Amino acid sequence: MYAKLTDAAYQDFLQSLQKSGIEVVPRQQLITHKAFAEVKTHPSPYKDDSLALAPGGDVSYFVPRDFDNKIHFFAQDAAVVWSAGWGSSNPNYGATLFADETKIPVLSVNYLVDFVNDEGGGGSFASTANVSVGQGISVKIGSSLTLIRDGGGFLRAGTGSIQLGQAIYSEESYGTIKDVTSTADKSLQVASNVVTTALGAGSSIRRNFDITADPTRYESVTGKVLVDTNAKVIEQMKSRR
């Protein structure tokens, strides 16, 4: 399913670029360029369980299937910057040389899709705080588009980027959600909060939930959010031309 969603989002992005009057050349020109052919790649899907993006979980990255299952992480992909490679093995290096020689800019798009929406209230000086969590698809803050054009460099003037400052999301349900916190765990948390509150410290409650997705609904809702994200990102590109 994830590969199918990635393919659909990629095709929509290409078609939207072309409708906006932006010419798209075959990707093979970049891949076969001598400077880019040797840069570091990762197999798709690529799983990373060390990210702050998913505490206690992991993140899986996918590329369109016609990318030969190879992922190139660019320097601006902040979530995985340590995976990009250094020096001539970094895709930014190869892409910059390609752009310098051909005068063709290179685009890299990295969307971070989450399956939970959350909303919080309170703060450091508030007496109470709350967090509401529920099922919902979102393209997260930190998702980005990187543009490398001739005359640029690793982090020089020829490199530009657009990053989402707020998530693009849907509140449509795509499955069912169930509280699976054990009775023993709930009782332990209550007892602990009574003690810490009596001592003047703050209290907290933790709950565990299972979300069971309906595949058809998940694919439909996620597809709509990705198309919406493409439209907003390309609109920003056009406004900066």
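Reader: When do two strands count as paired, and what is the strand order of the open sheet of 3 strands?
Author: Two strands pair if DSSP finds at least two bridges between them. In this predicted model, β5 and β8 (residues 144–148) are joined by 5 bridges in the antiparallel sense, with Val 106 opposite Ile 148. The open sheet has 3 strands with antiparallel pairing, in the order β5-β8-β9.

Reader: Which strands are the edge strands of this sheet?
Author: An edge strand here pairs on one side only. On average, neighbouring strands of the sheet are turned by 15° against each other, direction ignored. The edge strands are β5 (106–110) and β9 (159–163).

Reader: Which helix packs on the sheet touching β5 and β8, and which lies across β5, β8 and β9?
Author: The helix touching β5 and β8 spans residues 91–102, and its direction makes about 45° with that of β8. The helix across β5, β8 and β9 spans residues 215–239 and runs at about 140° to β9. In that order, they are α3 and α5.

Reader: Which element gives the most to the largest nonpolar core, and with how many residues?
Author: This core has 20 residues, and Val 139 and Met 237 are among those that touch the most other members. Two or more residues come from each of α1 (2–19), β7 (130–139) and α5. The most come from α5, with 7 residues.

Reader: How many residues are in the second, separate core?
Author: Nonpolar side chains tend to be buried together in soluble globular proteins. The second core includes Tyr 10, Val 63, Ile 71 and Phe 73. Its residue count is 10.

Note on methods. Residues numbered from 1 in each chain as written. Predicted model: local features only at pLDDT ≥ 70, side-chain atom pairs only at ≥ 80, totals over all residues. Heavy atoms only, no water. Helix = DSSP H or I, 4+ residues; strand = E, 2+ residues; numbered from the N terminus. Axes fitted to C-alpha atoms, helices over the stretch in contact; angles between N-to-C directions. Contact = heavy atoms within 4.5 Å. Core = buried A, V, L, I, M, F, W, Y, C linked by side-chain atoms within 4.5 Å. Buried < 20%, exposed > 50% of the residue type's maximum accessible area, 1.4 Å probe, protein only.
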